[in-house]
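Open the model in a viewer and follow the stops below, selecting each item in turn.

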Amino acid sequence: MTGAAVAPKPDRAPAKTRAPLRRSRLADPAVGVWLAAAAVTGIGWIVVAARGGDFLTLTNVVGILQNSVALGLVAVGQTAVILTGSLDLSVAYLISLGTLVAATTMEDGSVVTGVLAVLALSAAVGLANGLIVTGLKVNAFIATLGTAFILRGWIEENYTGPAGQVPASFQHLGYDRVGPIPVSLFLLLAVAAALWVVTRRTRFGHHLYATGGDEHAARLSGVRTRRTVIAAHVLCSLCVGAAALFLASRLGAGAPWAGTEARYDLESIAAVVLGGTVLAGGRGGVAGTLGGVLVLAVLDSVFNQLGVDPFFKNVVRGVVIIAAVALYARRGARRSA
């Protein structure tokens, strides 16, 4: 008895199907920014080596990773807010106040009390920002800038310089390593992984994208957009609180300039935009943001080793950010066409 031969199923997709898939992956801003980070690292290594230096040493790589932690924590939180079409300009002063609260609380109490105090303060500030934006219908730029001025006034009224002291046990967070990897990097990766799961694998995450993509349509679809924006602001501020705790462990005390000197407000937005998240909301994610943070950290390390003038350093960073956003805009226009 003979039967019709059954053709075996192909193990892989045809080449014509795989090629567009590869192109779509390369067009993903998250992939692009990580490739850019690798390119910047390679170029930095060549330039520093040409000047007689050594860029890819263990000390320098560890320094880059440690310098990425605080900005990474803030930028990851900023991503959640920007996905909804909002933003937060109060993060720099919240970091400064957070370090002061952590150090003064831990000096008189326990580490746990200090951590809880900072996280409670952060959640309260995020809740206030969200309520002002959604309840009073104030533009997020103005609302969070107003909050920043309030925090600044409180700091200037109550603190004239560094205050408090964190115990030596808490400073392990800022300085210890597991092999060559800083312990603080695990904090950043844990927070980033949690936010990635929230944004990509939960209903709330889908609501974030829907609210930022088209708030009116999301509301008609049953999304509680006000609650979504408020929750995003609270998440952002909690990430900022984690950054404040990390900086307090590094500094050993609270510092009124901890957040403002590093310009974490603008730097975090720059990292988010560089990572492919659209300021209008609805597109982007945590993976791209981490790549943007790494690009900025590597650039800073290269400039420091070369002794580049601060003005030129800021010019180059500005050009890189503008070029990246222009490239994303052109790709988006081509896809829509």
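Colour by secondary structure: the protein has 14 helices and 2 strands, taken as DSSP runs numbered from the N terminus (helices H or I, at least four residues; strands E, at least two). This is a predicted model, in which local features need pLDDT of at least 70, side-chain atom pairs count only at pLDDT 80 or more, and totals for chains, interfaces and linings use all residues. Residues are numbered from 1 along each chain as its sequence is written, and side-chain values use heavy atoms, with hydrogens and water left out.

Show the C-alpha trace, which spans about 90 × 60 × 45 Å along its principal axes.

Next, select residues 183-201 (α8) and 203-213 (α9), which pack at about 75 degrees with axes 5 Å apart. The axes are lines fitted to C-alpha atoms over the stretch in contact, and angles run from 0 to 180 degrees between N-to-C directions. α8 and α9 are therefore roughly perpendicular (65 to 115 degrees). Show side chains for the contact (heavy atoms within 4.5 Å): V198, T199 and R200 of α8 meet F204, G205, H206, L208 and Y209 of α9.

Select α3 (58-83), the source of the largest share of the lining, 10 residues.

Key: Parallel < 35°, antiparallel > 145°, perpendicular 65-115°, else oblique.
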